[in-house]
Amino acid sequence: YNPFHNGHLFHLKESKEIVNPDCTVAVMSGNFVQRGEPSIIEKFARAGTAIKLGIDVVLELPVVYSLQDAGGFATGAIRTLEALGVTDIVFGSETGELSLLNEVSKILLAEPEEYRHRLHSHLKDGHSFPNARKYAIRDYVSGKDRELSFRVEEIGSSNNILGLEYLRAIREIDSKIRPHAIKRKGAAYSDDENRGSFSSATAIRKMLRLGDIESVKNAVPGEMFKTLLEEIRAGRGPILAGDLESFFLPFLRLISRNDYSDFYGFVEGLDARFCECSKRGDLQTFLDCVKTKRFTLSRIRRLMYYPALKFTVDLIERSNRLGPQYIRLLAFNENGREYLSEIKKSIGLPIINTVSMWRKVLDEAKKKELRMDESLFKDQLKRDLLAVDFYSSFYSSPENRSKGSDMLSRVIYERDS
């Protein structure tokens, strides 16, 4: 929902048609998203709008997952939904064919030796991980399933990749969550051209960057457009990737190659590339310098945040192994409140409503003997708080920069009118 556009509204309505749910839950990235960029406006504004447009409960995906690749992102999302007792998940994909994605996800989870060998070979040839994996799957199934081998190319699109990871994560924890896929409607995920009422989020963010407000109005629901205008007028948006340039280049120049060894993901010479390329020109020059056939721009953009937000190797590995250690509630309506009240005794993780009360939440979770890791709880929450402080420092309004702490935030309760 960066921002919530007409394609999201289509997905939401179709999802409700498929599942006919008692309650609709969205797990949403906070102030930093999987593309390796800041969200266009802050998380509570986006969450509150999602409630007005038909969601009952909006949860925040901790930043240690929202700034990972598709695998880490899906791990955090599925484990959050599992802890909340959600029964069905509906995701968009370029194919919309669950059977195809299911067959491929089985290979990803099992990782047969031949597949791993092929994957290593393609990575060694310099392909990015998404492409190397696609080629390895194609090679693996070529002599086993002729029809599937012809269709493997389809899995390389952004939403298909994420869908595969949702299915893998469901199988990995033996979840009973039922998956459903909807064929993506409108512009492609990365299409930055104005396609009218079904423009992509990428295109809408470009419109905002260029100040083309009228085109934005046509591409998003009325409530989202109203929220965007309110946030812009208040000096809290739009926050764009380029706005962070003044921070990142000086910051990255202060990090030595040895320092990078503490942070997750700096492998295969990326530490050296970051050190060398940070000394050149502007942010785009840095990205172009680091990028290779092996390392995608999205991966590089994500990694830029890891030293700033202290994403250590230990933190990410523990997070991916154990999952989120709390459920962070951003917004809900009356139906959402009733649902949360009904299931509060069976929820598998502590729920944080008011973040300033986190110590009380932690104490109560320990009394209930919930299956959680106290140290990881603190480490994950610390990064969420740090991310909000970092994000709000880029507001154009000095007054709002001083009010940007997550400790001052309150969950949004949208009462029925």
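These questions and answers cover aromatic pairs and cysteines in a predicted model.

Visitor: How many disulfides does a search of the whole structure find?
Guide: A disulfide requires two cysteine sulfur atoms within 2.5 Å. The sulfur atoms of Cys 277 and Cys 289 are 1.9 Å apart, and these residues form a disulfide. Across the whole structure, the number found is 1.

Visitor: Which helices hold Cys 277 and Cys 289?
Guide: The two cysteines are 12 residues apart, and their pair links distant parts of the chain. Cys 277 lies in helix H14 and Cys 289 in helix H15.

Visitor: Is Cys 289 buried or exposed?
Guide: Buried means under 20% relative accessible area. Cys 289 has a relative accessible area of 16%, so this residue is buried.

Visitor: What kind of aromatic pair do Phe 332 and Tyr 413 form?
Guide: Planes under 30 degrees apart count as stacked. The ring centres of Phe 332 and Tyr 413 are 4.9 Å apart, with 20° between the planes, and the pair is stacked.

Visitor: Which strands hold Phe 332 and Tyr 413?
Guide: The pair ties together parts that are 81 residues apart in sequence. That is because Phe 332 lies in strand S7 and Tyr 413 in strand S9.

Visitor: What kind of pair is formed by the rings of Phe 390 and Phe 394?
Guide: Their centres are 5.4 Å apart and their planes stand at 75°. Planes over 60 degrees apart count as edge-to-face. The pair of Phe 390 and Phe 394 is therefore edge-to-face.

How values were computed
Residues are numbered from 1 along each chain as its sequence is written. This is a predicted model: local features need pLDDT of at least 70, side-chain atom pairs count only at pLDDT 80 or more; totals for chains, interfaces and linings use all residues. Side-chain values use heavy atoms; hydrogens and water are left out. Rings of Phe, Tyr and Trp (its six-membered ring) pair if their centres lie within 6.5 Å; planes under 30 degrees apart count as stacked, over 60 as edge-to-face and the rest as tilted. Helices (H or I, at least four residues) and strands (E, at least two) are DSSP runs, numbered from the N terminus. Buried means under 20% relative accessible area, exposed over 50%, partly exposed in between (1.4 Å probe, protein chains only).
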